[in-house]
Amino acid sequence: MGRVEEKKQQKKKALMNSAYDLFTTVGFHKTTIMAIALRAGVAKGTFYLWFKDKEDIRNALIIEKSSELLTAALAELEHAPQKTDPLDKLIYIVDYVITCLSRDIALLRFIAKNLSWGLFTRSNLYQPADENSAPLSFRDFIRQLLEEDNVQPTREMELAIFTTIELVGSTCYSVILNGEPVTLSEYKPYLFRCIRRLFDPE
């Protein structure tokens, strides 16, 4: 990467850091593009070199933060060799992500409120260790994980993946933030049983 390109990337990163700080403190609706640019130390016009509007940078942040969580979860999974069953691996990853979100309420509020199925299907949320390989979406990652157990992709699997994402995002938000209807430690076993049934109804 040349020096000019490196500076461009630094400005983009500064904008994203600035936007995340403002979105999680001031709030998305009260944050202006000018405020993001000022906090990042760049001209307002620089914002539009990278992003169309506030929604665009918000989506980029959701993808980035989700990717960081998933990458960390996968790294932890490497240290859990006893997890050989695909569904055990999936639940391990879900458990790791939920635990991280329970420790970072600002991140929980930001991600859980803004996740959408469209972002998961269109965006690259996991970068394989092999830099020459194409990135995977979270949906495709789960599909590959389940196919390790010779599970053939079907319409039912697609619906199960969709339901898992929606279930984890919506229910854990209420449980972690409000402790309702039960505590997180009480809820996790029930959630994990539900996920198993989605992929293995028998």
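How many helices and strands does the protein chain have? The chain has 10 helices and zero strands, where helices (H or I, at least four residues) and strands (E, at least two) are DSSP runs numbered from the N terminus. The model is a predicted one, in which local features need pLDDT of at least 70, side-chain atom pairs count only at pLDDT 80 or more, and totals for chains, interfaces and linings use all residues. Residues are numbered from 1 along each chain as its sequence is written, and side-chain values use heavy atoms, with hydrogens and water left out.

**Overall architecture**

Read from the N terminus, the order of elements is α-α-α-α-α-α-α-α-α-α. Of the 202 residues in the protein chain, 41% count as buried; buried means under 20% relative accessible area, exposed over 50%, and partly exposed in between (1.4 Å probe, protein chains only). Among contacts in the chain with a separation of 6 or more, 59% join residues 24 or more positions apart, a contact being heavy atoms within 4.5 Å.

The largest nonpolar core holds 53 residues, of which Ile195 and Phe199 touch the most other members. Such a core is a set of buried Ala, Val, Leu, Ile, Met, Phe, Trp, Tyr and Cys residues joined through side-chain atoms within 4.5 Å. At least two residues of this core come from each of H1, H2, H4 (54-77), H5 (86-103), H6 (105-114), H8 (138-147), H9 (155-178) and H10 (184-199).

**Helix pairs**

Axes are lines fitted to C-alpha atoms, for helices over the stretch in contact, and angles run from 0 to 180 degrees between N-to-C directions.

| Helix pair | Axis distance | Angle |
|---|---|---|
| H1 and H2 | within 8 Å | roughly 120° |
| H9 and H10 | within 10 Å | roughly 170° |
| H5 and H10 | 11 Å | about 145° |

The angle between H9 and H10 is roughly 170°, which means that H9 is roughly antiparallel to H10. Angles under 35 degrees count as roughly parallel, over 145 as roughly antiparallel, 65 to 115 as roughly perpendicular and the rest as oblique. Residues of H9 in this contact include Met157, Leu167 and Ile176, and those of H10 include Leu184, Ile195 and Phe199. By class, the contact of H9 with H10 has 15 nonpolar, three polar and no charged residues. Here Ala, Val, Leu, Ile, Met, Phe, Trp, Tyr, Cys and Pro count as nonpolar, Asp, Glu, Lys and Arg as charged, and the others, Gly among them, as polar.

The loop between H9 and H10 contains Pro181, and the peptide bond leading from Glu180 to Pro181 is cis, with omega near 0°. Within H9 itself lies Leu159, which is partly exposed at a relative accessible area of 39%. Leu159 and Leu198 are 39 residues apart along the chain, and their C-alpha atoms are separated by 8.7 Å.

H10 also packs against H5, and this crossing is right-handed. A crossing is left-handed if the near helix is turned anticlockwise from the far one by less than a right angle, and right-handed if clockwise. On the H5 side the contact includes Leu87, Asp88 and Asp95, while Lys188, Ile195, Arg196 and Phe199 are among the residues of H10. The classes in the contact of H5 with H10 are 10 nonpolar, two polar and four charged residues.

Helices H1 (residues 3-25) and H2 (residues 33-40) cross at roughly 120°, which makes H1 oblique to H2. Their crossing is right-handed. The contact of H1 with H2 comprises nine nonpolar, one polar and two charged residues.

**Ala37 in helix H2**

Is Ala37 buried or exposed? Ala37, a residue of helix H2, counts as buried because its relative accessibility is 0%. Beyond neighbours within four places in sequence, Ala37 is in contact with Leu15, Val42, Ala43 and Lys44. Ala37 and Leu15 are 22 residues apart in sequence, yet 6.4 Å apart in space, C-alpha to C-alpha.
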